[in-house]
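Please look over the sequence and the structure below before reading on. The briefing that follows treats a few selected places, grouped by topic.

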Amino acid sequence: MNHRTPSVGTSAPRRGVDDLLTGRARYAADLDRPGQVHARVVRSPLAHGRIAALDTAEALALPGVLAVYTADDLPDVRIPVRLPFAETAETPPLLQPPLARGTVRYVGEPVALVVAEDPYTAEDAAELVDVDIDDLAVAATMAAATAEGAPPLHESSPDNTVSTVSLRHGDVEAAFARADVVVRERLTMHRHTAVPMETRGLLAEYEPDTGLLTLWGGAKVKHFTRQALGAMLGLGPERVRVVEVHVGGGFGVRGEPYPEDFLVPFAAMRLGRPVKWTEDRAEHFVATNHAREQEHEWEIAATSDGRLLAFRDRAWCDQGAYVRSQGILPGLLPALHAAGPYRWEAFAVDSTGVLTNRTPTGTYRGPGMTEATFARERALDLLAAELRLDPAELRRRNLIPAAAMPFAFDAPEQPHVPPLRYESGDFPASFETLLDAAGYEALTRERQRLRRSGRLAGVGLAPYVEIGAVGPFEEAFVEAADDGTFTVRTGVSSLGQGVETVLAQIAADALSVPFEDVTVDFSDTTTVPMGFGAFASRSTLLAGNAIALAARDLLAKAAAEVGGDPGEVRFDRGTVRGPGGATAPAGRLPAGHGRFDKPHPGFSFGAALSLVTVDAATGAVRVLRHAVLHDVGRAVNPELVRGQIAGAASQGIGGALLEELVYDEQGQPLSTSFGDYLMPTAADLPEIDVFVVEYPTPANPLGLKGAGESGMVGTPAAVANAVADALGAAARPVTRLPLTPGNVRKLLRGTPSPQATTVHP
């Protein structure tokens with residue numbers, strides 16, 4: 001064998017940073033094709049109304065304008081749901097058309113597409129399109145949408161709901177009847193979104209001679225985009241090519257099929273010229289998926305010594321005006337995460353998607369799990385206060401023990417609900433690792449010191465579970481070349497997470513070759529025939545295990561060529577060498593192929609811890625210390641995974657304290673620039689302490705677990721619990737995010753409300 005230092009488990013340098021640092025990286029806005037023209041989307045200025053007339057004559061008369069398309073010019077198609085388990089019987093009539101057909105349902109909905117010789121003319125012409133809309137009643141909030149007599153957004157849903165996900169485990173009524181204490185609270189997570197540095201962009205070119213349509217700028221789920229585009233445009237998938245370029249941040253909102261992903265290729269096919277579109281920031285705030293807005297009514301039943309018995313969670317999840325390609329995920333994912341890492345005797349969860357006259361929602365880093373963790377962990381802190389227990393001690397007494405792994409709740413199986421199965425881990429030991437490593441006792445002493453000096457200070461905790469490894473499968477091919485290099489082809493995507501680095505490390509170890517000799521190719525659907533993309537912390541786990549299997553297959557083919565067992569052959573500068581001295585050119589070998597199937601997702605444990613201060617005069621919250629621990633199963637590249645966790649935690653702090661998409665009662669967005677939508681700067685964030693623990697899972701050969709979203713999941717809850725601790729019992733309880741200075745001042749001025757009801761004295 002070739003004895004070589006393993007690559008997996010080391011912090012190999014991230015691939016591609018030179019291009020990013022020197023400006024050589026090519027984003028969608030940097031791409032140009034000969035003869036290209038430019039598109040601009042005309043969007044609805046009203047939240048709800050019937051299109052009475054759409055006059056394009058003045059726009060078409062402007063010199064340089066090539067076309068103006070309305071719904072009448074398009075086939076009557078809808079953007080499909082991406083994941084089969086996220087589609088129900090209710091979703092098809094609620095899917096979004098590329099251009100509004102008769103009715104507009106949110107401000108920013110596309111109603112026409114203008115194409116011109118240059119982007120400035122396209123923008124001028126878009127302003128000349130006269131859209132005459134007859135107002136309809138607006139349901140701008142979930143409360144308005146579900147009130148008696150509310151205006152229906154869609155005929156198929158007169159009550160403005162999509163579907164309800166219901167989970168049941170154990171005898172809930174009996175558990176509540178035995179409880180010493182019951183805590184009830186209504187908890188709200190606000191609407192915000194990812195706001196990546198780069199807005200969306202597309203460039204489409206159609207070749208009439210070959211019938212090939214190429215779309216540059218697709219990311220995250222390239223192969224699904226290819227399939228959906230082919231179906232919507234009447235092309236076979238083999239005639240659609242989607243090419244991923246550099247991406248300036250994804251975080252869940254980038255790469256899902258949107259109306260523009262159909263409109264730009266459609267225009268390119270109609271005009272026979274390349275068409276380019278780049279989203280501006282104001283468009284991004286009204287057009288790209290929103291996320292997070294949910295309300296949860298939580299009830300917890302517990303014993304007087306702090307043993308959790310049962311909970312009820314009734315949740316309402318804002319879907320916006322349409323069901324987009326994520327289907328019912330906004331309501332499904334919080335239901336799956338309501339139980340968290342605790343051993344409940346029983347629970348009942350009902351999570352309902354609600355349609356409102358606002359931008360449709362989708363996934364944003366840690367979708368559903370972040371919202372559920374906020375609601376659950378705030379309710380647990382209220383319970384701890386009622387029981388006069390330290391919040392950490394309450395969690396200690398109820399975390400699922402390691403001896404119970406693998407652990408599963410016995411919720412009845414449903415077609416669109418994966419099983420609640422925790423494959424491996426030591427939740428209590430991991431939690432203690434966080435408390436020890438972050439210095440929980442020292443932080444509580446620091447809290448007391450700050451309070452003695454007259455400052456409002458608090459400490460907050462939030463354990464959680466993160467869903468990951470969503471299947472159904474991923475494939476990989478490994479090719480050897482005569483020059484001693486290897487090419488790995490797989491269908492995941494790079495959205496800035498460094499996946500090309502960790503996959504090269506896995507391949508290098510599996511082949512026993514230097515990391516530098518491995519290249520990972522994932523950017524073009526022409527060279528990678530199949531894939532499911534990058535989402536739900538799945539890329540490293542699914543593609544990594546597929547690559548390991550492909551490498552094993554390549555070694556088996558090499559052994560067949562030179563003799564011996566696969567473990568006895570080695571690659572040496574483009575030559576395959578067998579144990580008996582036989583050799584063969586490596587480039588002569590057929591590609592190794594591997595497929596890793598994962599029918600059900602996995603869950604991994606983590607926890608967040610915050611120390612904050614609150615300015616009593618201004619209401620401003622300052623996070624002084626923030627720590628996150630996560631069980632990654634096995635860290636392929638420890639430095640990269642720590643960076644992922646720290647970055648997600650930074651976004652979580654911003655979402656907890658600053659970021660909010662505000663609307664008025666007529667559904668008009670009030671947050672359409674960075675003057676209104678506040679983002680955290682480096683000055684607003686502490687140094688994030690990240691602690692990685694490794695409890696390999698037996699559910700895949702490499703023992704990996706997802707980690708890309710983990711820093712987000714517990715952070716808003718930990719910050720909220722810390723702020724509530726700082727404000728104390730004299731203030732109103734923290735039940736809603738964000739904790740902006742204005743909202744905190746309202747809490748300080750308010751009167752306390754009951755936090756718990758004693759059922760059995």
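**Thr88 and its surroundings**

Leaving aside its neighbours within four places in sequence, Thr88 is in contact with Ser163, Ile328 and His416, where contact means heavy atoms within 4.5 Å. The model is a predicted one, in which local features need pLDDT of at least 70 and side-chain atom pairs count only at pLDDT 80 or more, while totals for chains, interfaces and linings use all residues. Residues are numbered from 1 along each chain as its sequence is written, and side-chain values use heavy atoms, with hydrogens and water left out.

- Thr88 lies in the loop between strand 3 (65–69) and strand 4 (103–104); helices (H or I, at least four residues) and strands (E, at least two) are DSSP runs, numbered from the N terminus.
- With a relative accessible area of 13%, Thr88 is buried, a term that means under 20% relative accessible area, with exposed being over 50% and partly exposed in between (1.4 Å probe, protein chains only).
- The side chain of Thr88 also makes a polar contact with the side chain of Glu90, at 2.6 Å; a polar contact is a pair of N or O atoms within 3.5 Å, of which, within protein, one must be able to donate a hydrogen and the other to accept it, and residues adjacent in sequence count only if both atoms are side-chain atoms.

**Helix 14 and its cover**

- Helix 14 (residues 499–511) has 13 residues, which at 1.5 Å a residue should span 18 Å, and its end C-alpha atoms are 18 Å apart, in agreement with that expectation; the expected span is 1.5 Å times one less than the number of residues.
- Helix 14 is mostly covered, as 11 of its 13 residues are buried, among them Glu500, Thr501, Ala504 and Gln505.
- What covers these buried residues includes strand 19 (473–480), strand 20 (486–490), strand 21 (518–521), helix 15 (539–562), strand 22 (570–572) and helix 16 (638–657).
- Phe571, found in strand 22, counts as buried at 8% relative accessibility, and Phe571 and Leu511 are 60 residues apart in sequence but 7.8 Å apart in space, C-alpha to C-alpha.
- Ser512 follows helix 14 and has a positive phi, near 55 degrees.

**Helix pairs**

- The axes of helix 14 and helix 15 come within 9 Å and cross at roughly 30 degrees; axes are lines fitted to C-alpha atoms, for helices over the stretch in contact, and angles run from 0 to 180 degrees between N-to-C directions.
- Helix 14 and helix 15 are therefore roughly parallel to each other, given that angles under 35 degrees count as roughly parallel, over 145 as roughly antiparallel, 65 to 115 as roughly perpendicular and the rest as oblique.
- On the helix 14 side this contact includes Val499, Val502, Leu503 and Ile506, and on the helix 15 side it includes Ala543, Gly544, Ile547 and Ala548.
- The axes of helix 16 and helix 18 (residues 715–727) come within 8 Å and cross at roughly 50 degrees, and these two helices are therefore oblique to each other.
- Ala649, Gly652, Ile653, Ala656 and Leu657 of helix 16 make the contact with Thr715, Pro716 and Val719 of helix 18.

**Pro686**

- Pro686 is found in the loop between helix 16 and strand 28 (688–693), and at 14% relative accessibility Pro686 counts as buried.
- Leaving aside neighbours within four places in sequence, Pro686 is in contact with Val623, Leu624, Arg625, His626 and Ile653.
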